[in-house]
Amino acid sequence: MLSKVLSSATYGIDAYLVEVETNVERNIPSFIIVGLPDNAVKESRERVTAAIKNSGFNFPMNKITVNLAPADIKKEGSSFDLALAVGLLSAIDIISNPDDLKDVVILGELSLDGKLRAIKGALPIAVEAKKKDIKKIILPVESANEAAIVDGIEVYGMESLQEVVEFLNGKLEKEKTISSKEEIFSSINQYHLDFSDVKGQENVKRALEVAAAGGHNILMIGPPGSGKTMLAKRLPSILPPLTFDEALETTKIHSVAGILQKDKALITERPFRSPHHTVSDAALVGGGSFPRPGEVSFAHYGVLFLDELPEFKKNVLEVLRQPLEDSKVTVSRSKLSLEFPANFMLAAAMNPCPCGYYTDPNRECTCAPPQIQRYMAKISGPLLDRIDIHIEVPAVKYKELSAETKSEKSSDIRERVINARQVQLKRFPNSDRIFNNGDMGSKEVRQYCKLDSAGSELLKMAMMKLGLSARAYDRILKVSRTIADLDNAESILPQHISEAIQYRSLDRELWKH
Ligand SMILES: [Zn+2]
């Protein structure tokens, strides 16, 4: 009258196994679940009862006690339904061979008629099950492709409780779900957006290339309609290709959050996330009483794009600091602290002033100077400190838009980015913190960004003439290093410095405050 079934759940972006023990004894009918269930798990009782009856099985009019172990982790959500139903049917011998359940993980939400619904986190659960030498996973058919990405574990996708019972009793043959690695690999890094779609704006494209090559965060400043968003959206297509391991890690995060597209077993493109400026700090970096990853983690190994940067709430921009610094978010809870990976490139965009037309030669700006200063002041400080490149995006000239000439393809730009990144990997061979020029601290800047006398003279002149800050000095050196790397040049030459100086728009001209 006692049965044991294995199930699993996620905590953070990792999974753990849960043992579902069901005891059925003759007594006044009742159904209780213990072992720190949340409300959704408690509601399982109703779904499981209805699903068992509506699948044509007898529901026992006895005392039913279910224990979820380990007892010290809060169980949430509805994905234990199927394991609860199977455990109950096994305890009353409707499932005949309980030994067969020893190395099977069972997951799925039940609807009242006994059909199975997709679950979140199938990929991390399959990873954990494999680690624990589990042989099989039984789960809703909609989640099966995702779980089948993991090698060395049999995945069976099912439609209903009835199917699962017949399968476990050996009365139904079922094919294993196979996720074709070749097929997935062939679609990896195929971007549907390409830089060749964007006419003109060659300067901005070059700045984005430099940003991608050195892992520098970038801010684009320009009037509405100049194509800032269009350009930013194409940034993932020039970053180095996503590796299979990176794709797996990114997919785990999206899987746990339930934002993975239904027909996608694996994320095959570097993510591009652009949260609206009304986003809350918790939605941006993650958190909550049952901690969930936020936008910065959804952008892991990809691009986080913040359009209308000055419109974001101040406290929201402040929480970006930790992930920008550490490439991860740490959420502390009473018992344990959780880490969500958040290694992303930041691209931001803004209008040059509140009305938007300050830099547009064709439209008149209606803003008073103090208004512009207040607007710019919203983004100053620690966040701006993490942005190496500022570039002006001018209004597109009609001539450029109508030009027949085709712009360069993303794949060609990406080749140069890959080469420059390889140079950097050799530069920082033993570091677990610095992978590209954008990660350098001032110590590394001194070491790797030495200038010859002509170079330092040029930079000194520019600093004086443009009134650049000491802060800008290090950033110019870092970006110069990347430009030299793109140029395959061992040392930083004056032309590399000149180009890098151009990428400090906010440090000069009329925006300075
Ligand atoms: Zn204006």
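**Helix α3**

I started with what covers the buried residues of helix α3, and the cover includes β1 (2-11), β2 (14-25), β5, β8 (136-140), α4 (141-147) and α9 (244-257). I note here that the model is predicted. Next I checked how much of α3 (residues 122-131) is buried. Seven of its ten residues are, so the helix is largely enclosed by the rest of the structure. I listed the buried ones: Ala122, Leu123, Pro124, Ile125, Ala126, Glu128 and Ala129. Then I looked just past the end of α3, where aspartate 133 takes a positive phi of about 60°.

**Zinc site**

Which residues coordinate the zinc ion? I found Cys353, Cys355, Cys365 and Cys367, each through SG, at 2.2 to 2.4 Å. I checked the angles among the four donor atoms; they run from 106 to 113°, and the site is tetrahedral. I wrote the sequence spacing of the donor residues as C-x1-C-x9-C-x1-C.

I also looked up accessibility for two of these cysteines. Cysteine 353 has a relative accessible area of 0%, so I put it down as buried. Cysteine 355 comes out at 23%, so it counts as partly exposed.

**Aromatic pairs**

I searched the whole structure for aromatic pairs and got four. Tyrosine 156 belongs to strand β9 (residues 154-158) and phenylalanine 167 to helix α5 (residues 161-168), so the pair ties together parts that are eleven residues apart in sequence. Both tyrosine 156 and phenylalanine 167 are buried.

My other pair was phenylalanine 428 with tyrosine 448. This one is edge-to-face, with 5.3 Å from centre to centre and 85° between the planes. Where do its two members lie? Phenylalanine 428 is in the loop between α17 (410-427) and α18 (442-448), while tyrosine 448 is in helix α18. The two are 20 residues apart, and the pair links distant parts of the chain.

Are the members of this pair buried or partly exposed? Phenylalanine 428 has a relative accessible area of 7%, under the 20% cut-off, so it is buried. Tyrosine 448 has 25%, so it is partly exposed.

**Charges over rings**

I noted two cases of a charged end sitting over a ring. Lysine 53 sits over the ring of phenylalanine 59, with its charged end 5.7 Å from the ring centre.

**Backbone**

I looked at the peptide bond between alanine 69 and proline 70; it is cis, with omega about 0°. Proline 70 sits in the loop between β4 (63-69) and α2 (81-91).

I then turned to positive phi values outside glycine. Aspartate 93 has phi near 65°. I placed aspartate 93 in the loop between α2 and β5 (104-106). Its relative accessible area is 60%, so it is exposed.

Serine 327 is not a glycine either, yet its phi is positive at about 60°. I placed serine 327 in the loop between α13 (321-326) and β15 (328-332). At 30% relative accessibility, I logged serine 327 as partly exposed.

Technical notes
Residues are numbered from 1 along each chain as its sequence is written. This is a predicted model: local features need pLDDT of at least 70, side-chain atom pairs count only at pLDDT 80 or more; totals for chains, interfaces and linings use all residues. Side-chain values use heavy atoms; hydrogens and water are left out. Rings of Phe, Tyr and Trp (its six-membered ring) pair if their centres lie within 6.5 Å; planes under 30 degrees apart count as stacked, over 60 as edge-to-face and the rest as tilted. Helices (H or I, at least four residues) and strands (E, at least two) are DSSP runs, numbered from the N terminus. Buried means under 20% relative accessible area, exposed over 50%, partly exposed in between (1.4 Å probe, protein chains only). A charge sits over a ring if NZ of Lys or CZ of Arg is within 6 Å of the ring centre and within 35 degrees of the ring normal. Donors are N, O and S atoms within 2.8 Å of the metal (3.2 Å for Na, K and Ca); water is not among the atoms, so sites may look incomplete. Four donors count as tetrahedral if all angles lie between 85 and 135 degrees; four count as square planar and six as octahedral if opposite donors are over 155 degrees apart and all others between 65 and 115; anything else is irregular. Contact means heavy atoms within 4.5 Å.
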